[in-house]
Amino acid sequence: MTYEQILFETKENVAWIRLNRPEKLNALTHDLSGEILDALAQSAKDPDVRAVVITGEGRGFCAGQDLNDFQTDAELSVADHLRQNYNLLIRAIVDLPKPVIAGVNGVAAGAGASLTFACDVRIASDAASFTQAFVKIGLVPDSGGNWLLPRIVGYAKALELSITGERIKADEAYRIGLVNKVVPADEFARELEAYAQAMARMPTLAIGGTKKLMTNALGQTLAETLEAEAVLQQEQAASEDFREGVNAFMEKRDPRFTGR
């Protein structure tokens with residue numbers, strides 16, 4: 001695929017997906033969603049990719065749905081628009097067996113906010129902000145926001161943010177546990193890259209397995225989760241990274257994981 005609305009590159013085992021409609025604060029279109037989805041698929045199958053970063057060009061992360069684009073696709077129902085775009089995109093991020101980091105450089109609103117919620121880690125610039133803006137135009141949250149946000153900040157806070165549409169800044173997002181780290185805007189690019197590279201040096205199979213276990217555990221009994229852990233741990237114990245981790249521990253050195 002030729003990318004026109006994202007920038008996509010792989011550098012030092014990190015896949016970088018940069019939303020590239022800065023003049024529109026990277027508002028989502030059908031084409032933009034499709035390009036992100038394709039880049040995620042490329043990242044998933046590339047063994048050299050061991051971490052993925054989604055961030056925005058310009059001063060915004062993602063302002064949500066581009067309403068002009070939505071109107072031009074009028075023959076498509078709202079439900080089908082979600083099924084063919086955001087639902088696929090959110091599932092692709094959550095199911096990706098590699099760590100996905102949201103580099104939130106500016107405003108994340110509506111579906112753009114949900115995009116960050118789907119990621120495993122959120123690193124925010126102190127210029128970032130978040131808002132569940134759906135209610136302001138008479139809509140309910142979509143793009144997985146009703147499932148993802150309560151699991152990050154708890155039901156009561158998630159409901160409050162969703163029914164008020166309140167915009168919260170990065171420091172408040174950190175206080176309530178919505179983001180993992182806040183860094184000054186002038187240090188953001190450097191800090192985000194350092195974090196992504198550190199994540200890419202981790203045992204990728206174990207991270208992917210942990211994502212799967214924790215996601216599934218939200219709908220399982222304890223007994224079901226214990227059995228799933230036993231099965232997956234058997235697979236992990238056969239990995240090269242497990243052997244390297246044990247050897248490094250015995251030899252009192254830092255492990256050199258390869259993601260295999």
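Let's start with lysine 169, which touches Ala128 and Ser129 once we leave out residues up to four places away in sequence. Keep in mind that this is a predicted model. Where does lysine 169 sit? You'll find lysine 169 in strand E9. Buried or exposed? Lysine 169 has a relative accessibility of 52%, so it counts as exposed, the cut-off for exposed being over 50%.

Serine 129 is the bridge partner of lysine 169 in E9. The strands E8, residues 129-131, and E9 run antiparallel and are joined by 3 bridges.

Let's zoom out to the sheet. It is an open sheet of 4 strands, ordered E4-E6-E8-E9, with mixed pairing. Which strands stand at the edges? Those are E4 (60-62) and E9 (167-169); each has a single partner strand, so one side of each has no neighbour in the sheet. From one strand to the next, the twist averages 20°. There is also a helix packed on this sheet: H5, residues 111-118, touches E4, E6 (107-109) and E8. The direction of H5 makes about 100° with that of E6.

On to a helix pair, then. Helix H10, residues 204-217, packs with helix H11, residues 222-236, at an angle of about 170°, and their axes are 11 Å apart.

Last stop, friends: the nonpolar cores. The largest one has 45 residues, and the members touching the most other members are Ile36, Ile54 and Leu178. What does isoleucine 36 touch? Leaving aside residues up to four places away in sequence, isoleucine 36 touches Ile6, Ile17, Leu19, Leu28 and Leu89. There is a second, separate core too, with 14 residues, among them Trp16, Ala51, Val121 and Ile207.

Thanks, everyone, and over to you for discussion.

How values were computed. Residues are numbered from 1 along each chain as its sequence is written. This is a predicted model: local features need pLDDT of at least 70, side-chain atom pairs count only at pLDDT 80 or more; totals for chains, interfaces and linings use all residues. Side-chain values use heavy atoms; hydrogens and water are left out. Axes are lines fitted to C-alpha atoms, for helices over the stretch in contact, and angles run from 0 to 180 degrees between N-to-C directions. Helices (H or I, at least four residues) and strands (E, at least two) are DSSP runs, numbered from the N terminus. Two strands pair if DSSP finds at least two bridges between them. Contact means heavy atoms within 4.5 Å. A nonpolar core is a set of buried Ala, Val, Leu, Ile, Met, Phe, Trp, Tyr and Cys residues joined through side-chain atoms within 4.5 Å. Buried means under 20% relative accessible area, exposed over 50%, partly exposed in between (1.4 Å probe, protein chains only).
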